Amino acid sequence: MGKVGFGLAVSCAAATCAIAAILVGKRVRSRRKWRRVVGVLRDLEEACETSVGRLRQVVDAMAVEMHAGLASEGGSKLKMLLTFVDKLPNGSERGKYYALDLGGTNFRVLRIQLGGKRSSILSCDVERQPIPQDLMTSTSEDLFDFIASSLKQFVEREAQNSEFSPVKRRELGFTFSFPVKQTSVSSGILIKWTKGFSVKDMVGKDVSECLQHAMTRNGLDMRVAVLVNDTVGTLALGHYNDPDTVAAVIIGTGTNACYLERTDAIIKCQGLLTTSGGMVVNMEWGNFWSSHLPRTSYDIDLDGDSPNPNDQGFEKMISGMYLGDIVRRVILRMSQESDIFGPLSSRLSMPFILSTPSMADMHADESPELMEVARILKEDLQIPDVPLKVRKLVVKVCDVVTRRAARLAAAGIVGILKKIGRDGSGGVASGRSRGSDGKMRRTVVAMDGSLYTRYTMFKEYLHEALCEILGEEVSQYVILKVTEDGSGIGAALLAASHSSHSSSSSSSSSSSVVDSQRLP
């Protein structure tokens, strides 16, 4: 071989080695990037760890905070608000009752016909009405005149379609989903507006009184029998269908819980008497906090960026408003650590651009190529052409965030059961878990909210954790029942159980519905 040939051979060999070196270098760098991204996932899994031991610590913390909130105002992050509801519907109610559900840019009016037997709703008529934008920032008189006028038209259409002519005054359950300081079962002072409302002359006023005056001005003979929130309505509907219902939990965009408490356990209101010896307590459990909650850097950042930092800590970890955004923050961190998602998308820096329903759709994607994951990443986050292994990583992130949320929600539920002695544990209250025959008592929790009713994996993880915490023997006696439309039907049922006509009708037995045998 000549010198020229030898030189060419050497050059080719060198070029080949250089190319090989470049390819090897790329593979090494790619593996390093992948390891960094996997490291982000591993750190997330460790930070979101919810062992049974940890969940039981959350259970204990919830029960302790409940005791503290009942002992004094401001004694706990849990407000433990009195609802003054001491009569839950029990099936003896008869007649027609109404509900007004005001909680956003639309309101609903309902009418139910009760047949005097448990779970006997003979008919239910519902109408939905949008609230004009200008009334949301107008005066209280303008807003409630519009609502009362719509309610009157609803009632008049009923009169036209039937021969029904009420001798007695109509009774209304009013679901008002804004911050209120309850002063009686049928009255409460508006603390502040949310959800785009700003009717300033109404803050500090009794909301039931505003509605009552408007109905009078519009010639509608109807009485506000109860003022409640949707969680209390859910408990009422649950109890109407099943007398063993002792609590209600809503896990949707937001989250809350209420339960039936013994009056003598409400220390901050000593001397408070009820005909039943019990009262429904609105926990406002979204504000629960404990050092045992597995908080991540993503939770801390989300809280700091929110309009209410250091507030609603439990809600920010378990409710539909926030889960999608936690996942977005994790994907953003991964994109900053590596280019496996391609160029950094500006949409990843936009809070709440990834909704929880979209996150749930990615989590539920079982197609071989995870095409739904690819679609959502492209359309919602503007991240196209994501490799399959990266899509699988995204599904895993969704799983970790959802599993933590569901398991913490389960711990919260068991915390309520522990407080009222229905968790099967030892201690002073343990006897309440068993009946006079020594057998475990059946305990029902009414459940509502889209996260629980529509997100299959969330529901499965919650049930799994409930069984793990309570144990197999006790968990079989704890039933979670989907109970939808507490804000509508539940409010109307409460109007029936608190009717001013109850003393002279067959619904009188509902006045002692929270009997001593049913008290927790």
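## Model and overall fold

Residues are numbered from 1 along each chain as its sequence is written. In this predicted model, local features need pLDDT of at least 70, side-chain atom pairs count only at pLDDT 80 or more, totals for chains, interfaces and linings use all residues, and side-chain values use heavy atoms, with hydrogens and water left out.

The protein chain holds 15 helices and 13 strands. Helices (H or I, at least four residues) and strands (E, at least two) are DSSP runs, numbered from the N terminus. Of its 520 residues, 51% count as buried. Buried means under 20% relative accessible area, exposed over 50%, and partly exposed in between (1.4 Å probe, protein chains only). Among contacts with a separation of 6 or more, 72% join residues 24 or more positions apart. A contact means heavy atoms within 4.5 Å.

## Nonpolar cores

The largest nonpolar core has 90 residues. Such a core is a set of buried Ala, Val, Leu, Ile, Met, Phe, Trp, Tyr and Cys residues joined through side-chain atoms within 4.5 Å. Y259, M283, W285 and L462 touch the most other members. Helix α11 (residues 388–419) gives the most to this core, with 18 residues. Apart from it lies another core, of 34 residues, including V109, A148, V155 and F197.

Leaving out residues up to four places away in sequence, M283 touches M62, M66, L78, K79, M80, N256, A257, C258, Y259 and I416.

## Two threonines

T83 sits in the loop between β1 (81–82) and β2 (94–102). With 6% relative accessibility, T83 is buried. Its side chain reaches the backbone oxygen of V280 at 2.6 Å. That is a polar contact: a pair of N or O atoms within 3.5 Å; within protein, one must be able to donate a hydrogen and the other to accept it, and residues adjacent in sequence count only if both atoms are side-chain atoms. T83 and N282 are 199 residues apart in sequence, yet 6.5 Å apart in space, C-alpha to C-alpha. Beyond neighbours within four places in sequence, the contacts of T83 include Q182, S184, V232 and M279.

T175 belongs to strand β5 (residues 170–176). T175 is buried, at 0% relative accessible area. The T175 side chain reaches the backbone oxygen of S487 at 2.7 Å. Not counting residues up to four places away in sequence, T175 touches L100, D101, L102, V228, N229, D230, S487 and A491.

Helix α13 (residues 456–470) has 15 residues. F458, Y461, L462, A465, L466, I469 and L470 are buried in α13. They cover an arc of only 150° around the axis, so they lie on the same side of α13. The arc is that of the directions from the helix axis to the C-beta atoms. Just after α13, G471 takes a positive phi of about 90°.

In helix α6 (residues 297–305), Y298, D299, L302 and D303 are buried. These buried residues fall within an arc of 135°, so they line one face of α6. On the other side, G304 and D305 are exposed. At the start of α6, a side-chain oxygen of T296 reaches to within 3.2 Å of the backbone nitrogen of Y298.

## Cysteines

The disulfide count is zero, taking a disulfide as a pair of cysteine sulfur atoms within 2.5 Å. C258 is buried at 0% relative accessible area. C269 is partly exposed at 23%.

Note on methods. Expected span 1.5 Å × (residues − 1).
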